[in-house]
Amino acid sequence: MIEHLSACEQCDLLLEAPILNHSESAHCPRCGHIICQRPKYSLQFTLSFSIACIILFFVANFFPMLSVEKAGLYNEMSLYQAAWQFLELGEPFLFFLIFFVLLLCPSALLLALVYMLLPMIFMRRVMPYTSAIGRWVFYIKHWSMIDVYLIAALASLTKLTSVANIDLGIGLWAYIVFTVCLASALANLDKIRFWRYLDKIKCHQLLRQQLKQI
Amino acid sequence: MPPTIKTAAQANLALCLSCQKLNPVKWSKCSRCGEVLHTRKINSVQKTLAWLITAVIFYIPANLYPVMSTSTLGRTAYNTIVGGVVELWNQQAYFISVVIFFASIVIPIGKILVLMWLCLSLKLRIKGRKQERMVLYRITLWFGRWSMIDVFVVAILVSLMQLGGILKIEPGIAIVAFAVVVVTTMLAAEAFDPRLIWDQEESKENHANTHH
Ligand SMILES: [Zn+2]
Ligand SMILES: [Zn+2]
């Protein structure tokens, strides 16, 4: 009986576990919280966007995002330098914070998604530690601040262009696409759907093992 | 299911916040994902208030000291948050001025006030306006991370504007304090358990039932 029940995360109302069609979402009748969403696309969508993100992440880190030129002096920055510069100027706390929200969180998130979803989707296999990693992915999801940094970069650009000659590099374009891809990957990742899918794959795996023994 | 049971807690079930599976209350760990189970977040109000007080303490130096220093040709200017917003506005950089105004003043103060009010309303056992309090809670949860814009703008300026003697921008002590404010207010919002708002109603209804 417990299998058919669910509860609202934000008000604890006991509910029938929702079963949804594509593009539907279930709201809590008491507090209005979105209980579960089933986007148009499957988890394969999340996986493909995650892989695209990893490639774009490298481009944004190795190519300059912005470069500045004034009176013959030139300087450029790529993504990781936003954090690195703070370490050089003796601000370890800011370095760690920016490193965490801009580099560590997004890259760990993406690697974790590929590690879990790739074998699940293509080999119907659950990799070791998937439950622990899955749990932790949903916790750090909103500590990745890729979208916030993009708005900050665009806002500072509007000012910087009046102070010096600013050039936009390949890194910035890669970063913009990266932000869109990451948002698409995460928008398709619903908590309830992910764990149900994991249960399904675990069942498949168990059945296969039992068939082998016969 | 008896009609008096409305919530998972009343049915002796605990919802796993990490995978949304219902487990019997007596289990200490979620049967699906292994997360430690609690019917409500432990010491939610105390933790939220502790983070908020830390945020308020750090918000004072964040406003009093300079967030960055700009050196141009041997002359050094210091900017505080409010000073920066006013200066950018006067220089007709309206967009960035408004963005920083929201990120560093409106969002943190609003967030601290809303969460304090939510904690207070629980202490005072206020039963009305649940829907409105939920909306406020969701807004703080969603907007919290956008305060980091301020820290990022300084990070971009500091790493880009290193042009020797012509133009050099360095971070000030206030941006460290402000970063602490952003992190602590985010942790405060995470520590808060909105289910406590709805628990108030249950006790009222039970009370009413016993009187009938
Ligand atoms: Zn609800
Ligand atoms: Zn769980």
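Visitor: In what order do the strands of the open sheet of three strands in chain A come?
Guide: The order in that open sheet of chain A is S6-S5-S7, and the pairing is antiparallel. Please keep in mind that this is a predicted model.

Visitor: Which strands are at the edges?
Guide: Strand S6 (73-77) and strand S7 (165-168) of chain A are the edge strands, each pairing on one side only. From one strand to the next, the twist averages 20°.

Visitor: How many bridges are there between S5(A) and S6(A)?
Guide: S5(A) and S6(A) are paired through five bridges, in the antiparallel sense. Within this pairing, A:Ser67 stands opposite A:Glu76 of S6(A).

Visitor: And what sits between those two strands?
Guide: S5(A) and S6(A) form a hairpin, with two residues between them. In the turn, A:Ala71 has a positive phi of about 45°.

Visitor: What about S7(A), how many bridges does S5 have with that strand?
Guide: Strand S5 (residues 66-70) of chain A pairs with S7(A) over four bridges, again antiparallel. A:Leu66 is opposite A:Leu168 in S7(A), and A:Ser67 has A:Asp167 as its bridge partner there.

Visitor: Where do the side chains of a strand point?
Guide: As a general rule, the side chains of a regular strand alternate between the two faces of the sheet.

Visitor: Back to chain A: which strand does S3 pair with?
Guide: Strand S3 (residues 24-27) of chain A is joined to strand S4 (residues 34-38) of chain A by four bridges, and the two run antiparallel. A:His27 has A:Ile34 as its bridge partner in S4(A). The hairpin of S3(A) and S4(A) has six residues between the strands, and A:Gly32 in this hairpin takes a positive phi near 85°.

Visitor: New topic. What is the strand order of the open sheet in chain B?
Guide: Chain B has an open sheet of four strands, ordered S4-S3-S6-S5, with antiparallel pairing. Its edge strands are strand S4 (75-79) and strand S5 (162-163) of chain B, and each of these pairs on one side only. Strand S3 (residues 68-72) and strand S6 (residues 167-171) of chain B run antiparallel and are joined by four bridges. One residue pair to look for is B:Ser69 with its bridge partner B:Glu170 in S6(B).

Visitor: Which strands does H5(B) touch?
Guide: H5(B) packs on the sheet and touches S3, S5 and S6 of chain B. The direction of H5(B) makes about 140° with that of S6(B).

Visitor: Now the interface. How many residues are in contact there?
Guide: The contact involves 67 residues of chain B and 65 residues of chain A.

Visitor: How much area do chain B and chain A bury between them?
Guide: The two chains bury about 5900 Å² between them, and 70% of this is on carbon and sulfur atoms. Such an area is quoted because the size of an interface is often given as the accessible area lost when the parts come together.

Visitor: How many salt bridges cross the interface of chain B and chain A?
Guide: Five salt bridges are found across the interface of chain B and chain A. Helix H5 (residues 148-160) of chain B supplies the largest share of the side of chain B that touches chain A, namely twelve residues. The residues on that side of chain B comprise 46 nonpolar, nine polar and twelve charged.

Visitor: Which residue does A:Asp12 meet in a salt bridge?
Guide: The side chain of A:Asp12 meets that of B:Arg40 in a salt bridge, at 2.8 Å from N to O.

Visitor: What about B:Glu35, what is its salt-bridge partner?
Guide: B:Glu35 forms a salt bridge with A:Arg135, and their closest N and O atoms are 3.7 Å apart. B:Glu35 lies in the loop between strand S2 (22-24) and helix H1 (44-64) of chain B, while A:Arg135 lies in helix H4 (residues 130-140) of chain A, so the pair joins two chains.

Visitor: One last thing. Where does A:Ser184 lie?
Guide: A:Ser184 lies in helix H6 (residues 170-187) of chain A. A polar atom of its side chain is 2.7 Å from the backbone oxygen of A:Val180.

Terms used:
Residues are numbered from 1 along each chain as its sequence is written. Chains are lettered from A and ligands numbered from 1 in the order in which they are written. This is a predicted model: local features need pLDDT of at least 70, side-chain atom pairs count only at pLDDT 80 or more; totals for chains, interfaces and linings use all residues. Side-chain values use heavy atoms; hydrogens and water are left out. Contact means heavy atoms within 4.5 Å. Buried area is the accessible area (1.4 Å probe) that two parts lose on being put together, summed over both. A salt bridge is a side-chain nitrogen of Lys or Arg within 4 Å of a carboxyl oxygen of Asp or Glu. Ala, Val, Leu, Ile, Met, Phe, Trp, Tyr, Cys and Pro count as nonpolar, Asp, Glu, Lys and Arg as charged, and the others, Gly among them, as polar. Two strands pair if DSSP finds at least two bridges between them. Axes are lines fitted to C-alpha atoms, for helices over the stretch in contact, and angles run from 0 to 180 degrees between N-to-C directions. A polar contact is a pair of N or O atoms within 3.5 Å; within protein, one must be able to donate a hydrogen and the other to accept it, and residues adjacent in sequence count only if both atoms are side-chain atoms.
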